[in-house]
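Have a look at the sequence and structure, then work through each solution step by step.

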Amino acid sequence: MTVEIRETSAAEAAPIADLLNRHAQSLFGEAEIDEAEVRHWLAMPGLWVRVASRNGDLVGYLDVNSAGESGSSWLDVRALDAEAAEALLEAGSSHAGSDTTRVVVQGPDEILRGVTETAGWKLMRQSYRMLIELSDAIPEPRWPEGVAVRTMEPGEEGRLYEANNAAFADHWDFHQQPFDQWAAYAFGREDFDPSLVWLAEDAGELAGFAVNRWNTSGDPEFGWVEILGVRPQWRRRGLATALLRHSFLDFRGRGATRVGLGVDAENTTGAVRLYERVGMQVARHNDFYERPRL
């Protein structure tokens with residue numbers, strides 16, 4: 001039966017979550033996402049989403065996140081078989097329409113890897129998912145002199161947006177998003193909790209921040225550091241370490257047993273080494289493939 005690529009809507013959030021969890025179970029042996037997170041994805045401005053179905057059953061998912069005419073487009077493909085993966089990869093590539101198009105292949109996903117490499121895409125970079133199992137041995141944070149930490153207050157989204165742009169300006173493939181798009185990503189989830197967002201200030205200036213949430217699987221014992229940023233003039237002073245340890249202790253106090261985050265494997269600010277020093281370990285890797293120039 002031929003695979004059909006079609007549009008979707010929030011009405012299909014539950015079956016899409018089921019599909020994505022079946023895919024994750026096949027790769028990692030655990031659930032990946034809940035229905036609320038799928039609704040969040042489907043509501044994201046600028047995200048182009050399609051599903052693959054065969055004989056009425058969902059067999060694949062695709063979203064395309066484009067950074068605009070001068071930026072790159074990223075494809076997220078989750079498919080249960082090679083036919084669906086090939087159809088979704090072609091649909092996403094056709095839609096992207098940018099000079100640089102990349103697809104994320106989760107480490108053990110040999111179905112998508114095979115389809116991607118057969119189509120001529122080239123491996124060019126990796127990212128890691130890193131985890132820490134929380135224990136009683138987490139040190140208290142040591143804040144740089146003059147720095148104080150507090151939770152986010154209503155109306156501070158714009159401040160965080162500006163700090164994020166400054167903190168990641170030198171990050172690989174960073175492209176400044178419109179405020180509404182970035183804010184929807186950072187703060188747009190149904191269960192967004194501003195008390196999980198930590199701001200580190202120095203004489204009233206926002207020096208660094210940790211935008212935390214619960215993992216997308218819905219596991220109430222799995223905390224997630226969504227964005228950790230330190231503005232350049234406050235780097236090399238231990239602020240990122242302090243924000244991480246503060247986040248770990250806060251999550252543990254809320255009942256978490258582990259905390260994770262994602263990081264570029266070749267991050268030039270030394271993030272991977274920093275995370276290892278605070279006790280985190282690589283649990284998964286994603287491979288980034290780039291489409292050959294036409």
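**Exercise 1.** Find which residues are buried in helix α5 (residues 157-167), and what they pack against.

*Solution.* Buried means under 20% relative accessible area, with a 1.4 Å probe and protein chains only. In α5 this holds for Leu160, Tyr161, Ala163, Asn164, Asn165 and Ala167. Next, look for contacts, meaning heavy atoms within 4.5 Å: the buried residues of α5 pack against α6, β8 (197-202), β9 (205-214) and β10 (222-230).

A word on the model: it is predicted, so local features need pLDDT of at least 70 and side-chain atom pairs count only at pLDDT 80 or more, while totals for chains, interfaces and linings use all residues. Residues are numbered from 1 along each chain as its sequence is written, and side-chain values use heavy atoms, leaving out hydrogens and water.

**Exercise 2.** Work out where the buried residues of helix α2 (residues 35-42) lie around its axis.

*Solution.* Start with the list: Glu37, Val38, His40 and Trp41 are buried. They sit on the same side of α2 because their arc around the axis, taken from the directions to the C-beta atoms, is only 155 degrees. Their packing partners include α1 (13-28) and β3 (57-66).

**Exercise 3.** Describe how helix α3 (residues 82-96) meets helix α4 (residues 110-118).

*Solution.* Their axes come within 9 Å and cross at roughly 50 degrees. The contact joins Ala82, Ala85, Glu86 and Leu89 of α3 to Ile111, Leu112, Val115 and Thr116 of α4.

Terms used. Axes are lines fitted to C-alpha atoms, for helices over the stretch in contact, and angles run from 0 to 180 degrees between N-to-C directions. Helices (H or I, at least four residues) and strands (E, at least two) are DSSP runs, numbered from the N terminus. Buried means under 20% relative accessible area, exposed over 50%, partly exposed in between (1.4 Å probe, protein chains only).
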